[in-house]
Amino acid sequence: MRLLKVATCNLNQWAMDFDCNLKNIKESITRAKQAGAVIRLGPELEITGYGCEDHFLELDTVAHAWECLKELLVGDWTDDMLCSFGMPLIKGSERYNCQVLCLNRKIIMIRPKLWLANDGNYRELRWFTAWKQNDQLEEYQLPGDISEVLVQKTVPFGYGFMQFIDTAVAAEVCEELFTPIPPHTELALNGVEVFMNASGSHHQLRKLDLRMRAFIGATHTRGGVYMYSNHQGCDGGRLYYDGCACIVVNGDVVAQGSQFSLKDVEVVVAQMDLDAVASLRGSISSFQEQASCKQHVSSVNVPYKLCKPFNLQMSLSSPLKISYHSPEEEIAFGPGCWLWDYLRRSGASGFLLPLSGGADSSSVAGIVGCMCQLVVKEIENGDEQVKSDAIRIGNYTDGQFPTDSKEFAKRIFYTVFMGSENSSDTTRGRAKMLADEIGSWHLDVSIDTVVSAFLSLFQTLTGKRPRYKVDGGSNIENLGLQNVQARIRMVLAFMLASLLPWVHSKPGFYLVLGSSNVDEGLRGYLTKYDCSSADINPIGSISKQDLRMFLKWAATHLGFSSLAEIEAAPPTAELEPIRSNYSQLDEVDMGMTYDELSVYGRLRKIFRCGPVSMFKNLCFGWGSKLSPSEVADKVKHFFKYYSINRHKMTVITPSYHAESYSPEDNRFDLRQFLYNSRWPYQFRKIDELVNELSAGKDAPTSSNGVGVVAAGSADPKAGL
């Protein structure tokens, strides 16, 4: 037997905070050594943090990374332990994303990333160069101060593996696992038994299963030990890195870390017999045949043993059932942990949320309530860092600390119902009930006097006073009256966030939380600079469908029972007067349902459909319910208002990234914001197709009908 114990980890790093990152790295090594591991794997770019973005272009960033690595190497951190550290470095004129592999205070080799992530939220080609010389290892000249302390002038650099006395180990960096021909395929044929994947992978709803299948597939048919390490937390941007460090042996998961956590450091350890890898490979004829004619991969000989012989005191890790969260749990825990990281690192003293009693703002309130529960639970579990942060943020004194989530919420969470003459008693009551269940400091404010003051000023300036449409006003008047209410709420929210802590003799300021969802952003169904404008938004990339599922789940599992009633209520902005024969409803205003919006969003972004392609797809998808002409009207209606309102995405509040069809303009969905909203060429092509289908009467049908509403309703928020 060749017994090997390895450790991988989730680290909550913070981009450009080298002290924080180095502290976490050292803590992970300490825990790995205490567990008896001889290999320690950290996440991609762990020394700098993954999200440094254009800071990677600064020479200071690379220099500071070398300084941190030097501190790790001159100490005893790598004694008797193979450590993989992620950092950027420069070779010649190029900058590379590298894993630096160290043992016993020496650098064994430097492995640059071969295939860079460059889609979706990733822009690695902006900062790094992919390593392309895969036929041999080159010599890398170490910086002078590093060379001096290590008594080591050069190290092997490039694509290769480490050949120890008793096994072979190689690195595979994040994106490389998901390429058509991943490096581990070739490395396995060259005898590599242990693969170390350092990753910087962010959370996206329903994504973890894809990742886990990739780890399992890497070793299921070719054998091996696959180690995966990831960041976990908000490192300074819209992404939440969702951990889930794991270890897979011959296709079986034997260790799995948490996906969502408030911990700064989590170490996952497993022990295996490498003879099981050799045995599996020896039993697969095709593997033997392909290994006999493999393409040679360069290696570095390391005269050191990693494995231990047969020993009954060392137990082997057994296969585990993979742990997955439901989408509702992902919405609760992912944004909840992201909010906690943002709160504790921003210097703020809490959050302020305009709480309308509707589904979106109530979802945000529920997520903050979940965050408070997670904080109290982690303190109960003995996490001193969470306790220290909570004491500081909650302004506790005399040795006190949070022991009750509602009491903690009262200290760090303000909710404000900003009612008007158009608000109903029902939504006011729901907001108050939910605030009581969560424990927030709740205010009930009327904005009517402020609205009236604005309208009086306008009347003084122009001699005219606008009226709502239900009172005989025009669409323009109706829109202006709704927008002034919405924007007053935004101004009031920021005023309260900055001054309420002072009123209550608390230090600092509060962060304003936004509550527009991904479908409203896609459609532009929001007022520019209303309460969708905030400091951060935990649900800005989550669909209305998923939020409604979350509300039902949270009513039971988080103990906020009023969320069930809120979920059941029809969505309404409550910006127009309520009459016996009229009540404003979101889906009527938009001319489409939220379910339809999700379909449009996925086709537009995930399947990269323009108007014509979307029309063709929906003729199949909705053919059993709608005629081609009706489908065409819906597609045109969507693209008209999408393009009219696209400019709103340029100023949208930074939002937690959770959905693959997010229209967020600044990082993820890069498109123009000035369109010809008539789409003359594309819509003409759709009309031609409709005429052809009508003439031939061969419209496609499908059993997958989708609920629809009549398109063409006036949008009270279009273009503004």
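**Ground rules.** Since the model is predicted, I kept to pLDDT of at least 70 for local features and 80 or more for side-chain atom pairs, while totals for chains, interfaces and linings use all residues. I number residues from 1 along each chain as its sequence is written, and side-chain values use heavy atoms, with hydrogens and water left out.

**Cavities.** I searched the whole structure and got three cavities of 30 Å³ or more. On a 1 Å grid over the protein atoms alone, a cavity is a set of points where a 1.4 Å probe fits but cannot get out; a pocket is an open set with protein on both sides within 12 Å along at least five of seven lines; lining residues have an atom within 4 Å of a point. Grid points are joined across faces, edges and corners, and a volume is the space filled by probe spheres set on the points.

The largest cavity comes out at about 740 Å³. I listed 36 lining residues, with S356, S361, S515, T572 and A573 nearest the centre. Which elements supply at least two lining residues each? I found α10 (359-380), β18 (413-419), α13 (425-438) and α15 (475-503), and β18 gives the largest share, four residues. Helices (H or I, at least four residues) and strands (E, at least two) are DSSP runs, numbered from the N terminus. By class I get 16 nonpolar, 11 polar and nine charged residues in this lining. Here Ala, Val, Leu, Ile, Met, Phe, Trp, Tyr, Cys and Pro count as nonpolar, Asp, Glu, Lys and Arg as charged, and the others, Gly among them, as polar.

The second largest cavity has a volume of about 150 Å³. Its lining has 19 residues, and G540, S541, S655, S662 and E664 sit closest to its centre. I sorted that lining into six nonpolar, 11 polar and two charged residues.

I put the largest pocket at about 660 Å³. It has 23 lining residues, with D119, Y122, H202, Q204 and K207 closest to the centre. Its classes are nine nonpolar, seven polar and seven charged.

The second largest pocket holds about 440 Å³. Its lining runs to 26 residues, and E53, G236, G237, R238 and R667 lie nearest the centre. I see at least two lining residues each from α3 (124-127) and α9. The lining divides into 14 nonpolar, five polar and seven charged residues.

**The loop between β16 and α9.** I looked up S326 in this loop. Is S326 buried, partly exposed or exposed? S326 is partly exposed, because its relative accessible area is 25% (buried means under 20%, exposed over 50%, partly exposed in between; 1.4 Å probe, protein chains only). S326 and R206 are 120 residues apart in sequence but 8.1 Å apart in space, C-alpha to C-alpha.

**Positive phi.** Most residues other than glycine have a negative phi. I noted L45, not a glycine, with a positive phi of about 50 degrees. L45 is in the loop between β2 (39-41) and α2 (59-74), and it counts as buried because its relative accessibility is 0%. V151, also not a glycine, has a positive phi of about 50 degrees. I place V151 in the loop between α4 (144-150) and β7 (154-157), and at 70% relative accessibility V151 counts as exposed.
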